[in-house]
Amino acid sequence: MITVSKNNSGDFQSIQSAINSLNEQGGIIYIKNGIYKERVEITTDNITLIGESADNTIITYDYHASMLMEDGSKRGTFRSYTFLVHANHFNAFNITFENSSGFGKQVGQAIAVYAEGDYITFKNCRILGHQDTLFTGPLPKKENMPGGFIGPTEFSKRSVGRQLYEDCYICGEVDFIFGSATAYFKNCELYALNRNEPINSYYTAPSTYEEEKYGYVFEHCRLTGNCPNKTVMLSRPWRIYAKAVFIRCEMSGQIMDEGFHDWNKKESHDTCYYAEYKCFGEGYKPNLRPDYIHQLTDSEALEYTKENVLKW
C-alpha cells in the first residue's frame with residue numbers, strides 16, 4: 001500500500017503522483033489528513049483510495065464552466081471537475097471531494113466528482129459543490145448543442161456502469177447529482193443549498209438511457225438543506241427517459257408539494273420513471289404529486305434492493 005502525506009511522512013506528497021506510480025494492475029493508496037489542492041485523474045482499473053478521515057482528508061480545486069481556456073473558449077461543464085475516475089473497480093473511502101468555485105449564478109457548472117465506469121464505490125465520503133456537483137457518467141447519447149460534451153469522455157463508448165454511494169454526504173444546488181449511470185445511494189444525506197430563488201435546488205437530474213431498467217435509486221437517504229420550505233425539487237429529467245426512485249427516504253419541508261419537475265418536457269410524463277415508496281417527513285406529500293409519479297406497492301419496491309439494482 002502506498003501512502004500520501006502533505007508533511008512528507010509518506011511515499012508521496014501529491015495524490016496524482018501516487019496514482020501515476022501504479023502499474024496497470026492498480027493498487028491501494030492511503031491518504032493522510034490534509035488539504036490536497038490538486039485535480040486528480042484516474043484512468044486505470046482496480047484502484048482504491050482510503051482517506052484517514054472524511055472530514056480532514058480533502059481533495060479540492062476550483063475550476064468551473066465559465067472560466068476561459070487558453071484559446072479563449074469557455075471550459076464548460078465537463079472539464080470543470082476536481083476529481084475524475086474513468087475506470088472500473090474503483091473504490092473511495094473516507095475522503096472529501098470538493099469543487100470550491102462557488103454558486104452557479106457566478107461561475108456556472110462546477111463538478112466535484114466525475115465518475116464513469118463499472119463497479120465504482122464511494123463510502124463514507126463527502127462530495128461538495130454547487131451546480132452539477134456529482135456527474136455519474138456516461139454522458140447522454142447525444143448532445144443538445146454542438147460542443148456541449150467537450151471533456152474527458154466526449155468520444156468514449158457510451159457504456160452504462162454501476163455505481164454505489166453509501167453513507168455519503170453530497171451537497172449542491174442546481175441538478176447536483178446528474179448523469180446516465182445506474183447508481184444506488186444508501187444511507188446518504190443530500191443537502192440542498194439556498195439560492196434565494198423560487199426553486200432553489202434540484203437534487204437530481206438523471207439522463208437514464210431508454211433501454212436501462214434502473215437509473216438512480218435512493219434508499220434510506222435524508223434530503224435536507226438550508227433552503228426555505230417548499231423551494232426544492234427532488235428531480236427533473238435531463239433526458240426524457242430519466243429514472244429515479246426514492247425508498248424510505250426522509251424528506252424535509254424544503255421539498256415542494258409536487259416533488260418533481262418536468263423541465264418543460266411534457267413528453268417526459270410518458271417516458272420518465274419517477275417513484276417513491278414509504279418515504280416520510282414534511283416533504284413527503286404522495287397525494288399531491290403529479291399523476292405521472294408512481295407510489296410503489298410492496299412487491300414493486302422489492303425490485304429496488306441494492307442487490308437487484310447493482311447485481312455485483
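Me: How many helices and strands are there in the protein?
Reply: The protein has five helices and 26 strands. Both are DSSP runs numbered from the N terminus: helices are H or I with at least four residues, and strands are E with at least two. This is a predicted model, where local features need pLDDT of at least 70 and side-chain atom pairs count only at pLDDT 80 or more, while totals for chains, interfaces and linings use all residues. Residues are numbered from 1 along each chain as its sequence is written, and side-chain values use heavy atoms, leaving out hydrogens and water.

Me: OK! What radius of gyration does the protein have?
Reply: It is 19 Å, which agrees with the value near 20 Å that a compact globule of 312 residues would have. The radius is taken over C-alpha atoms, and the globule rule is 2.2 Å times the number of residues to the power 0.38. Along the principal axes, the C-alpha atoms fill a box of roughly 60 × 45 × 35 Å.

Me: And what percentage of the residues count as buried?
Reply: Of the 312 residues, 56% do. Buried means under 20% relative accessible area, exposed means over 50%, and partly exposed is in between, using a 1.4 Å probe and protein chains only.

Me: What about contacts between residues at least 6 apart in sequence?
Reply: Among those, 70% join residues at least 24 apart. A contact means heavy atoms within 4.5 Å.

Me: Switching to pockets: what volume does the largest one have?
Reply: About 540 Å³. A pocket here is an open set of points on a 1 Å grid over the protein atoms alone, where a 1.4 Å probe fits, with protein on both sides within 12 Å along at least five of seven lines; lining residues have an atom within 4 Å of a point. Points are joined across faces, edges and corners, and the volume is the space filled by probe spheres set on them.

Me: Which residues lie nearest its centre?
Reply: T77, F78, Q109, G148 and W238 do, out of 27 lining residues. By class, that lining has 10 nonpolar, eight polar and nine charged residues. Ala, Val, Leu, Ile, Met, Phe, Trp, Tyr, Cys and Pro count as nonpolar, Asp, Glu, Lys and Arg as charged, and the others, Gly among them, as polar.

Me: How much space lies in the second largest pocket?
Reply: About 190 Å³. Its lining includes P140, K141, S207, Y209, R239 and Y241, and divides into four nonpolar, three polar and five charged residues.

Me: Now G26: buried or exposed?
Reply: G26 counts as buried because its relative accessibility is 13%. You'll find G26 in the loop between α1 (15-20) and β2 (27-31). Leaving aside residues up to four places away in sequence, G26 touches T44, D45, N46 and I47.

Me: Where does K311 lie?
Reply: K311 is in the segment after α5 (306-310). K311 has a positive phi of about 50° too, though not a glycine, and K311 counts as exposed because its relative accessibility is 53%.
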